[in-house]
Structure formats: C-alpha cells, structure tokens
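Q: Could you take me on a close look at the charged side chains here, and at how they pair up or gather? I am new to this, so please go step by step.

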Amino acid sequence: MQIKAEQITKTLGSNEIFTGLQLEVNTGEHIAVVGPNGCGKTTLLRLLAGEDTPDTGRIIKSKEATLGYLHQIPSYPAYTVRAVLEEAFASIFALKEKMELFEQQMQAGEIAEKLLQQYGQIQEQFMQEGGYELDSQLIAVANGLGIHPFLAQPFEALSGGEKTKVMLGQILLQNPSILLLDEPTNHLDMRAIEWLEGHVQKFDGIVIVVSHDRQFMNQVAQKIVEIEDGEAHTYHGNYDAFVQQKQEKIEQQFAQYEEQQKKIKKMQEAIKRLKQWANEANPPSDSLHRRAKSMEKALARMERVKKPSNIKKMNLSLTMSERSGKEVVAFENVTHRYERILFADSDLSVYFQDRLAIVGDNGCGKSTLLKMITGEVTPQLGSCKLGSNVKIGYLSQQFDYRDTEARVVDVFREAVAVSEAEARHILAQFLFYGYDVFKKIKNLSGGEKMRLRLAQLMHQQINLLVLDEPTNHLDIESREVLEDTLETFEGTVIAVSHDRYFLQKLFTKIAWVEHQRIAVYDGDYEWAKAKRTVVEKAPVEKVQRQKARSTLEQIEKLEIKLKEPTLAAIQRTKLEQQLEALYEQWLREE
C-alpha cells in the first residue's frame with residue numbers, strides 16, 4: 001500500500017460528499033476516478049494530496065511516498081518558463097553548486113584527499129539523480145507538451161492554459177512516486193495528449209487521474225474507481241471494461257431487486273392472511289398472531305436491495321429541417337494568416353450528410369475554418385462558399401452572451417420563440433430544474449452554458465451543425481447523450497474536437513490541418529492517423545539519422561581531445577562526463 005483513504009466522510013455546506021469512503025492504491029497502480037459532476041472527484045484528489053482534511057476517517061501514505069499534484073497556479077514573478085520548469089530540479093542544482101564550489105577549491109590548489117573524496121561522493125549522487133541529463137529531460141517534456149516555444153518567455157505573460165501546461169511539465173520533471181492528475185488533457189492538443197499518454201504509461205509509480213477523456217482512460221488506466229452515492233466502487237480494467245462491468249452490475253442488481261420485491265410482496269400477503277385467519281378464529285388464535293408477528297420482524301430485519309438509480313441525463317432531440325443541396329461547403333484556394341500563415345492555397349469540400357472532423361495542433365487554424373463557414377471570418381485569399389439552402393447551427397468554444405445579468409430562461413427565449421412555461425419545460429430536459437432557469441448567465445458553470453446552448457440548437461431549424469469543441473465542459477454521461485443525438489441527426493456535421501473517443505465514434509471524414517495545408521482522409525480518426533504516420537515516418541527517420549551522425553561527430557572530437565597528454569585532471573573529468581552523456585544520447589538516437 002502506498003496511499004489509502006480509510007472510512008472518509010466529508011461534507012461541503014449542506015451536501016454530504018463522502019460517507020465512509022474506502023480506497024487503497026498500491027505501488028505501480030494506475031487508476032482513473034469517474035462519476036458525474038459534483039460527486040466529489042476533485043475533493044478526493046485534494047484529500048489524498050493533503051490540501052484538504054476529511055471530517056472523519058484518515059488518509060494514510062507510506063513514509064517514502066512523494067506527491068505530484070497540480071491544484072493551483074503559483075506566481076513566479078521574474079521567472080522565465082525554463083526557470084519554472086527547472087524548479088523541479090532544485091535538489092540536483094544544489095548538488096551542482098557544491099560540485100562547482102569544490103572544483104573552484106581544487107583549481108586554487110586545494111587537492112587534499114578528503115576534498116577529492118567529498119567531491120567524488122557528490123558527483124556520484126549527481127550522476128545517480130540524472131544530473132547530466134537534466135537539459136534533455138526538460139527539452140523532451142517541453143516538446144511533448146508543446147511549450148518549447150515559450151521557454152525564454154516570462155511565465156507571468158502566459159495564458160491560463162499555457163501556465164497549466166508548464167506546471168504539469170514541472171510536476172512530470174519532479175518524477176514523484178504518486179501522480180495526482182485532475183483533468184490533465186484539458187488545454188492540450190492531440191499531439192500533447194498522446195505524448196502525455198505515453199509518458200503516463202511508462203511511469204512506474206502510482207497514477208490517480210480524474211478525467212472525462214475516455215480514450216485517455218482507456219490508454220492509461222488499469223482500474224476505474226467510480227464515486228457513487230458518497231462511496232468508491234472499484235472496477236478492473238480500462239474505461240471500456242468499466243462500462244461493460246457497470247452495465248452487467250446494474251442488470252444483476254435490478255434482477256436481485258425485482259426478486260426481493262416479489263418475496264417482500266409474498267411475505268406481506270402471508271402476514272395479512274395470518275392476521276385475518278387469527279381474527280376470524282373463535283376464539284381468536286394467539287398462535288396465528290405470533291406467527292404473523294414473527295414474520296413482520298423477519299421482514300423488518302431483511303436487508304433491502306437498493307433499486308438501481310437512473311442518472312439524470314439530458315434529453316436531446318435534433319431534427320433536420322428541409323435538406324440542403326448536395327455540396328454544403330466549398331473552400332477554394334484559401335489562404336489566411338494572422339501573425340503567421342495558417343493555410344495557403346487550400347481546398348476542402350463538404351457534402352450533404354458528411355461527418356467531417358477537423359483536427360490538428362493548437363493554433364493551426366481549426367476554429368478559423370469554422371468561422372469562415374459561419375461568415376464570421378472572410379478568407380484573405382480564395383473563397384469559402386455555402387451550398388444551396390444551408391441552415392447553420394453553430395456551437396462556439398466561447399460563450400459570448402451580451403447580457404451576463406440576463407436569466408437562463410430569457411436567453412433561451414431570445415433564440416427560440418416559445419412561452420416562458422414551454423421554455424421551462426424544454427430547459428428541464430437539459431437539467432435546468434426549478435429555479436435553475438432563473439439563474440443569471442454570469443453565475444453559470446462552463447457545463448451549464450454548454451447545456452443552454454445545446455438546448456437552443458436543438459430547437460432551431462438547421463441542416464448543418466458546426467461544433468467547436470462540443471464535449472468541453474460536459475461530463476461523460478452528457479457526452480454520450482450528445483453522441484447518440486448526433487448519430488441520429490440526418491443533416492451534415494462539421495466539428496473541431498480533441499476528444500478522440502468522440503471523433504472515432506462519429507466521424508467518417510478527417511481534415512488534418514498542418515504545414516499550412518488541409519489534408520483530407522476518407523476514413524475514421526484512427527485510420528487517418530495511421531495513414532498520416534506512414535507519410536511522415538520517412539522524413540522523421542531521416543532527421544533522426546542526421547542527429548545520430550552529428551552526435552557521433554561530437555563523440556569523435558571529444559575522444560581526440562581526451563588523448564592530449566597535457567590535459568588537466570579537472571578538465572579531463574568534465575570531458576569524460578560529457579562523453580558519457582553523448583554516448584547515452586547517441587544510443588537513444590540510434
């Protein structure tokens with residue numbers, strides 16, 4: 001056991017989050033925590049990290065355990081991004097400073113045996129802790145998370161999402177024995193998500209991740225812990241295995257519930273008959289009364305099987321208005337740039353009932369393409385034309401409500417012409433119950449804003465649905481409802497998304513934006529990814545061979561230098577260390 005939650009209870013306000021929650025995680029286990037929004041997933045991570053304390057119960061950690069948990073963004077005034085990342089190596093840099101101090105003393109002529117011995121011990125520790133590989137580790141993580149371009153920039157100048165990526169990088173570089181990750185794929189593009197997946201898969205410590213990213217959980221989790229009714233229920237396997245096991249559990253529980261209900265009904269009928277017979281006897285029968293009483297006590301002692309509860313889900317229904325023409329959207333020779341060129345001389349055609357997903361790295365121009373379709377952006381060169389009778393429903397990443405003081409029901413009615421009573425009825429299907437419909441827009445969470453916008457879209461006349469990151473802010477249950485709805489929609493769907501599970505399930509045509517071009521693949525996401533990898537593999541291997549040759553040349557130069565007889569001892573030691581690091585680098589490149 002490395003970390004354990006033992007009989008945890010926790011109340012926030014009047015809401016009891018946990019009731020006797022139990023969770024034990026052993027060395028090397030990778031688990032994902034799931035459950036509907038508000039069930040306490042983030043609270044559990046905070047308790048495990050020691051950021052919060054339980055009302056009753058305790059959190060137990062092994063003495064040697066070290067924690068990495070990204071919970072808030074600290075302030076780093078006057079720090080560059082590289083300096084923030086290097087904070088992960090504070091203890092190793094302390095060793096380096098000691099080594100440099102000893103080197104200065106030795107250069108000054110102090111070469112006592114004790115000094116050499118101390119220097120050797122610190123150098124050994126420095127090497128064991130990876131001191132000579134720090135820079136390559138930092139660059140690997142920075143490249144993987146897509147923050148390499150920011151290394152020289154001030155940390156405080158970054159956006160919130162960029163700061164989050166930097167702090168995630170710092171935690172990964174610390175290499176703790178327990179990683180606590182709360183929605184780690186938020187703010188990451190596809191390339192960074194897949195890099196993080198690989199990093200977590202190879203991580204030999206404990207990983208506890210809270211996520212709505214089903215594909216990420218499929219790749220990294222060996223167990224799924226579901227928070228339900230204040231308790232933790234463990235399932236073995238990845239997310240898909242959990243879904244199957246959960247369904248089987250619900251079916252079994254429902255069968256047990258129905259069987260017990262039949263038994264209870266029979267016992268109640270038997271008690272009623274016994275009492276009736278006892279009263280009709282002349283004189284009344286005490287023995288029959290005793291038998292009825294005994295059966296009533298047995299019924300009261302019976303441990304009731306809980307009826308499986310139905311999770312409240314959105315009730316989406318999306319009907320196409322009259323159909324559009326065959327060609328829905330046509331991009332012809334489109335060139336567009338902001339600080340840099342996004343795409344040049346690019347073509348893309350979308351036809352009626354296409355399911356097109358636009359993918360690519362952050363900043364490549366995916367959302368710009370959607371805005372060209374809606375008319376919000378005009379191409380600087382070329383054209384974006386809509387076909388005949390196209391009626392667009394657009395779901396943006398940003399919810400730019402003009403009046404943030406407005407109530408939910410009023411904002412809904414601005415887009416859908418219905419009475420207030422009908423609006424309240426519709427909004428209830430999107431989980432806005434009772435007085436929720438009178439909430440002000442400024443007080444809504446990201447998920448609530450997304451549900452409000454979906455409610456508007458579902459009641460408008462459209463045949464082309466344009467979606468920009470539609471699964472952002474939605475919990476897993478809501479994502480599944482959205483997917484089921486889109487599957488039955490008879491019109492055309494164009495979406496930008498980083499949710500690979502969503503992409504793989506729904507889309508049969510992929511537009512990959514990269515290198516200032518739009519490459520179109522007629523197939524699903526995994527097929528497109530495989531085709532793209534084959535095309536890119538050859539030039540990548542060529543670059544890798546060039547790197548290996550360059551490293552080999554550096555090795556040869558150092559070996560020649562080490563043969564010089566006049567080389568000072570301290571300089572020889574440094575060159576040997578550099579040579580060792582270069583050999584390791586060369587082996588990786590080969």
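A: Let's start with a term we will need: a residue is called buried when its relative accessible area is under 20%, exposed when it is over 50%, and partly exposed in between. Keep in mind as well that this is a predicted model.

Now take Lys275. Its relative accessible area is 33%, so it counts as partly exposed. The side chain of Lys275 meets that of Glu296 in a salt bridge, with 2.6 Å from N to O. Lys275 lies in helix H9 (residues 239-280) and Glu296 in helix H10 (residues 286-301), so this pair ties together parts that are 21 residues apart in sequence. Glu296 is partly exposed too, because its relative accessibility is 27%.

In an unreviewed entry, UniProt places a "coiled-coil region" at residues 243-305. In the model, that span is 86% helix and 0% strand, and its end C-alpha atoms lie 22 Å apart.

How many salt bridges are there in total? A salt bridge here is a side-chain nitrogen of Lys or Arg within 4 Å of a carboxyl oxygen of Asp or Glu, and by this rule the count comes to 28.

Another one joins the side chains of Arg82 and Asp135, at 3.0 Å from N to O. This pair links distant parts of the chain: Arg82 sits in helix H2 (residues 81-86) and Asp135 in helix H5 (residues 134-145), 53 residues apart. With 27% relative accessibility, Arg82 is partly exposed, and Asp135, at 47%, is partly exposed as well.

Next, look at Asp410 and Arg407, whose side chains meet in a salt bridge of 2.8 Å, N to O. Asp410 has a relative accessibility of 28% and so is partly exposed; Arg407, at 29%, is also partly exposed.

Salt bridges can also join up into a network. Arg214, Arg479, Glu483, Asp484, Asp499 and Lys505 are linked in this way.

Glu327, Glu332, Asp345 and Asp347 form a patch of negative charge on the surface. Strand S10 (327-337) and strand S11 (341-351) are the elements that give two or more residues to this patch. Asp347 belongs to strand S11. Is Asp347 buried, exposed or partly exposed? Its relative accessibility is 43%, so Asp347 counts as partly exposed. A patch takes in residues with over 30% relative accessible area and no salt bridge, and the 43% of Asp347 is its value for that area.

Notes. Residues numbered from 1 in each chain as written. Predicted model: local features only at pLDDT ≥ 70, side-chain atom pairs only at ≥ 80, totals over all residues. Heavy atoms only, no water. Patch = residues over 30% accessible without salt bridge, like charges linked within 9 Å, V, L, I, M, F, W, Y side chains within 5 Å. Areas by Shrake-Rupley, 256 points an atom, 1.4 Å probe, with all protein chains shown as cover. Lys, Arg positive; Asp, Glu negative; His and termini not counted. Charge placed at Lys NZ, Arg CZ, Asp CG, Glu CD. Helix = DSSP H or I, 4+ residues; strand = E, 2+ residues; numbered from the N terminus. Buried < 20%, exposed > 50% of the residue type's maximum accessible area, 1.4 Å probe, protein only. UniProt positions renumbered as here; feature names shortened; annotations may be inferred.
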